Amino acid sequence: MKSLVFQATTRAVTPLLLAFSLFMLLRGHNEPGGGFIGGLLAVAAFALYALAFDARRARALLGVSPQTLTATGLLLATGSGGAAWLAGQPFMAGLWLSAALPAELKLGTVLLFDVGVYLVVLGAAALVLLTLREG
Amino acid sequence: MLLALPIVIPLVTAGLCLLVGRRVRVQRALGVLGAGGLLVAAVTLFARVWREGVLVLYVGGWRAPFGITLVADVFAALLVLAAALMHLAVSVYSLADLDGRRQRYGYFAFLNVMLTGVCGAFLTGDLFNLYVWFEVMLIGSFVLLVLGGQRAQMEAGIKYVTLSLLSSALFLAGVGVIYGIAHTLNMAHLSQRLAVAATSHPGLVTAASLLLLLAFGIKAAVFPLHFWLPDSYHAPPPAVTAIFAALLTKTGVYAIVRVFSLVLPPSDYLFGLLAVIAGLTMLIGVLGAVAQSQFRRILNVHIISQIGYMVMGVALLGSPDAQTRQLAIAAAIFYIVHNMLVKSNLVLLSGTVRALAGTEQLSRLGGLLNRAPVVAVLFLLSALSLAGLPPSSGFWAKLGVIQAGFRAQAYLLTFTALFVGLLTLVSMLKIWSAVFWKPAPEPCSSDDALPAAAGTPPARRRALLLVPSVVLLVLSIGIGLYPPPMLATARRASRELLDRAAYVAAVGIHAEQVEEGPFRAEVHP
Amino acid sequence: MFVILALLVGALYAAAFCLLLARTTTRLLFGLLLLGHAANLLIFSAAGLVRASPAIVPSGAERPPPGHADPIPQALILTAIVISFAVLAFAAVLVQRAHQASGTNDTEELRTTET
């Protein structure tokens with residue numbers, strides 16, 4: 001699709017969507033949001049970009065291959081569950097950083113898990129979108 | 001801790017395989033290493049369960065029935081062990097059987113995703129979690145099925161994906177209805193609450209049971225839900241068919257055994273239905289094989305008929321005699337393990353024949369007894385094991401099922417089982433004579449030419465193809481010649497399965513949680 | 001409300017099976033989509049319909065306020081949506097690739113492998 005208006009809008013909207021997706025990811029533990037929702041918003045940004053431009057540029061936007069993204073997310077999520085092991089807690093138990101942080105942000109393995117989910121969703125959906133767009 | 005390893009190891013292996021990208025050598029090494037690691041974890045888990053009894057892990061520290069619980073009893077640990085063994089055998093075989101392109105595009109990653117789902121399904125103690133693991137397994141199997149992108153694979157893929165998703169949707173609906181009845185999803189907790197609900201809401205419980213039976217029936221490929229299997233299993237390479245034959249339908253059978261022995265209240269209606277299904281599955285499967293003329297397809301249709309024997313074991317749970325019930329489930333468990341070893345080995349051997357002769361068409365095969373005597377002997381012994389002749393694991397598996405059938409006085413079903421055993425033998429001999437015995441037909445034109453495996457030299461390739469088969473056959477014959485350990489394992493697994501109270505206590509569900517009753521006041525506004 | 005939801009679930013299932021039985025693969029895809037929705041709505045209504053507050057624990061409290069809705073069905077549905085999203089994305093690619101490989105989306109013509 002070659003539409004100047006669409007392309008210009010996409011250029012403006014994509015960063016906003018990505019920022020919003022990160023916001024959703026970070027607020028997810030105690031309020032609506034989380035890794036999956038955040039990941040989907042990022043996918044929406046990516047899909048918009050892939051539609052406005054072409055698959056090659058969308059791939060360039062991603063930087064790394066979708067497979068790498070998915071794999072990193074998968075390992076991160078599994079690793080965050082495994083971290084509880086090292087602390088002698090049951091698998092997947094949440095560990096929290098005890099140091100008080102200035103913002104209302106709690107750091108812990110649950111956040112790592114959410115980041116993992118975010119990456120898996122983004123990677124897998126990007127892979128599907130690119131396959132459809134390039135096919 | 002140990003309990004989560006069979007899920008974590010394949011998942012991490014899958015992640016690493018994806019991460020290394022297109023480096024085939026690294027992926028191959030990771031695939032075999034991961035499978036080996038899984039086997040070690042499975043053996044350790046089994047030994048621990050055998051020593052200490054049912055193991056329970058509250059994931060995330062949330063106690064049952066609130067969180068997700070992983071439970072390993074002897075049955076679950078045994079199947080994880082068998083799955084890990086098959087995984088290693090097929091991973092090694094794949095090194096020689098699969099072309100480099102498939103390996104590059106994530107074969108080992110998705111094989112491990114599938115194993116994650118299978119092990120998760122065996123180990124979970126939560127009905128909804130079982131659904132989730134089924135889906136993980138399905139996604140892995142979807143990709144394995146279509147990896148390579150040939151037209152036949154796409155067609156098979158569409159059928160398989162549609163039927164699998166239909167099955168998932170039915171499972172989900174069943175879970176929804178069960179949650180509506182019992183307001184819990186923990187299997188042990190459900191076991192108690194559904195027993196109460198069965199008297200107050202028998203219709204709803206039966207409806208939910210039927211939804212689950214339909215869903216698992218599609219996965220296990222029982223009659224009349226079996227038709228997708230022969231049409232989709234022959235499309236991918238033999239290594240993929242072998243792991244499918246070993247794990248996918250068996251996971252469906254596992255779910256049937258688990259749900260009917262633990263979760264659902266006993267019902268004569270359902271056990272009667274299962275008996276009819278078992279008999280027809282055996283019969284239709286073996287008759288369907290007669291019509292086939294291609295090596296691997298015949299074996300695939302036999303998968304269906306073999307499932308019938310396992311379901312027969314579950315159907316005999318309807319017997320009023322406790323000892324018969326125990327014998328029946330023990331026989332079904334023995335049969336599942338035996339079938340995983342032998343059936344997949346036959347598929348692997350058919351792949352080896354394909355690699356040697358360049359075709360799977362019976363009419364164009366022949367004379368392999370002279371060309372490849374080792375393969376011929378391996379096939380003959382495995383085939384006799386499948387048909388249930390001594391000395392092999394198949395003999396004891398069939399003997400157990402038939403003994404239980406006679407004790408339950410299910411004569412028609414038992415005679416069907418015996419008759420189907422005979423037909424299986426005939427069908428195996430048909431393959432034997434066509435592939436190995438009869439003289440080779442004129443020049444083997446190979447129009448379905450084989451892609452060579454990623455640059456493996458022939459001698460090494462042959463070894464990689466044959467070693468897994470030899471190991472599996474030795475195991476099968478070993479069980480046949482000295483059955484006591486396996487019989488003891490099956491008996492203990494069956495004793496544990498039928499003792500619902502002990503399972504419930506092991507998971508940590510206490511009696512007072514039942515007394516509040518399955519129905520809560522605010523349900524209907 | 002129960003009756004309306006029951007009818008809706010029924011209508012969704014009917015539409016889903018109607019589409020699943022159609023001859024084109026794209027309709028098959030939409031059928032699977034609706035099937036997932038039907039199952040989700042079934043879970044939602046089977047678990048009980050209540051007018052209640054969301055099960056959110058206020059800060060400082062130990063448990064949610066009395067009269068909250070059961071959060072489990074929502075969690076189940078969310079999980080099921082996530083899964084069906086992934087699986088349907090795969091199915092979409094598969095349908096497209098099958099169309100490329102065979103040049104047809106007619107399920108009757110996609111049967112060359114059957115015997």
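Start by colouring chain C by pLDDT, the predictor's per-residue confidence on a scale from 0 to 100. Helix H1 (residues 2-20) of chain C comes out highest, at a mean of 93, and H3(C) lowest, at 89. Helices here are DSSP runs of H or I with at least four residues, strands are runs of E with at least two, and both are numbered from the N terminus. Chain C as a whole has a mean pLDDT of 86, with 97% of its residues at 70 or more. The model's scores are ipTM 0.93 and pTM 0.91.

Some ground rules for the selections: this is a predicted model, in which local features need pLDDT of at least 70 and side-chain atom pairs count only at pLDDT 80 or more, while totals for chains, interfaces and linings use all residues. Residues are numbered from 1 along each chain as its sequence is written, and chains are lettered from A and ligands numbered from 1 in the order in which they are written.

**Chain C against chain B**

**Over to chain A**

Now select chain A, with its five helices and zero strands. Its C-alpha atoms fill a box of roughly 55 × 30 × 20 Å along the principal axes. Where does chain A meet chain C? Seven residues of chain A are in contact with eight residues of chain C. Helix H5 (residues 109-134) of chain A gives the most to that side, with five residues. By class, the chain A side has five nonpolar, two polar and no charged residues.

Next, pick A:Trp96, in the loop between helix H4 (66-86) and H5 of chain A. Is A:Trp96 buried or exposed? A:Trp96 is exposed because it has 11 other C-beta atoms within 10 Å. The scale counts other C-beta atoms, placed from the backbone, within 10 Å of a residue's own: 20 or more is buried, 12 or fewer is exposed, and anything in between is partly exposed. Draw a C-alpha to C-alpha distance from A:Trp96 to A:Glu134 and you get 43 Å, for 38 residues of sequence.

**Inside chain B**

Jump to helix H19 (residues 458-481) of chain B. Its 24 residues reach 34 Å from first C-alpha to last, close to the 34 Å expected at 1.5 Å a residue; the expected span is 1.5 Å times one less than the number of residues. Zoom in on B:Leu466 for a kink of about 25°, shortly before B:Pro468. That bend is the angle between axes fitted to the seven residues ending there and the seven starting there. Buried residues of H19(B) include B:Leu465, B:Pro468 and B:Leu472. The helices that the buried residues of H19(B) pack against include helix H14 (322-357) and helix H20 (484-498) of chain B.

Stay with H14 and select B:Lys343. This lysine counts as buried because it has 25 C-beta neighbours inside 10 Å. Leaving aside neighbours within four places in sequence, B:Lys343 is in contact with B:Ala245, B:Ala246, B:Ile303, B:Gln306 and B:Leu386.

Most residues other than glycine have a negative phi, and most peptide bonds are trans.

- B:Pro224: the peptide bond from B:Phe223 is cis, with omega near -5°. B:Pro224 sits in the loop between helix H9 (202-220) and helix H10 (228-233).
- B:Ala221: phi is positive, about 60°, and the residue lies in the loop between H9 and H10 of chain B.
- B:His183: phi is near 50°, in the loop between helix H7 (151-182) and helix H8 (187-200). B:His183 counts as buried, with 22 C-beta neighbours inside 10 Å.

How values were computed: Contact = placed C-beta atoms within 7 Å. Nonpolar A, V, L, I, M, F, W, Y, C, P; charged D, E, K, R; others polar.
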